[in-house]
Amino acid sequence: TLTSLLMSFPSLFIIALAGIALFGTISHNIALAFHDVNDREAALLTFLCSASGIQFFGIGSAFWGLIVGIIVMIIFKLKLKKSLS
């Protein structure tokens, strides 16, 4: 009965309801990710790329978000290392 009731709602409403339900968890994890000043750019780009829903070669946005985040972190670590030398 509950399933048929939920299926009668528009899909946008169900997606919004799921987003609201996850808001506390997402906001807490984002606050932790942005806590370290040196890794903020990598965390932001990872989140944005993962949340974008892009898909290349049949691979989803979560994978591409991790790849983008790792590349950005490596670039910033190399720049920091170079500026300290």
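Start by selecting Ile 14, which sits in helix H2, residues 11-33 (helices, H or I and at least four residues, and strands, E and at least two, are DSSP runs numbered from the N terminus). Ile 14 is partly exposed, because its relative accessible area is 33%; buried means under 20%, exposed means over 50%, and partly exposed is in between, with a 1.4 Å probe and protein chains only. Now show its contacts, meaning heavy atoms within 4.5 Å. Setting aside neighbours within four places in sequence, Ile 14 is in contact with Leu 6 and Phe 9.

A word on what you're looking at: this is a predicted model, where local features need pLDDT of at least 70 and side-chain atom pairs count only at pLDDT 80 or more, while totals for chains, interfaces and linings use all residues. Residues are numbered from 1 along each chain as its sequence is written, and side-chain values use heavy atoms, with hydrogens and water left out.

Zoom out to the whole protein chain. Of the 85 residues in the chain, 12% are buried. The chain exposes about 6900 Å², and carbon and sulfur atoms supply 75% of that (accessible areas come from the Shrake-Rupley method with a 1.4 Å probe, and for residues only the protein chains shown count as cover). Take the contacts between residues at least 6 apart in sequence: 24% of them join residues at least 24 apart.

Next, select H3, residues 40-52. How far apart are its end C-alpha atoms? They are 18 Å apart, which agrees with the 18 Å that its 13 residues should span at 1.5 Å a residue; the expected span is 1.5 Å times one less than the number of residues. Colour the buried residues of H3, which are Ala 42, Ala 43, Thr 46 and Cys 49. Look down the axis of H3 and these buried residues fall within an arc of 140°, so they line one face of the helix (the arc is that of the directions from the helix axis to the C-beta atoms).

Stay on Ala 43 in H3. Ala 43 counts as buried because its relative accessible area is 17%. Draw a distance from Ala 43 to Leu 66: the two are 23 residues apart in sequence and 9.4 Å apart in space, C-alpha to C-alpha.

Step past the end of H3 and you reach Gly 53, whose phi is positive, near 80°. Carry on to Phe 57, in the loop between H3 and H4. Phe 57 has a positive phi too, about 55°, although it is not a glycine. Is Phe 57 buried or exposed? With 79% relative accessibility, Phe 57 counts as exposed.

Now go to Ser 61, in helix H4, residues 61-84. Ser 61 counts as buried because its relative accessibility is 12%. Leaving out residues up to four places away in sequence, Ser 61 touches Cys 49, Ser 50, Ser 52, Gly 53 and Ile 54.

Further along H4, pick Phe 76. At 36% relative accessibility, Phe 76 counts as partly exposed. Phe 76 and Glu 41 are 35 residues apart in sequence, yet 8.8 Å apart in space, C-alpha to C-alpha.
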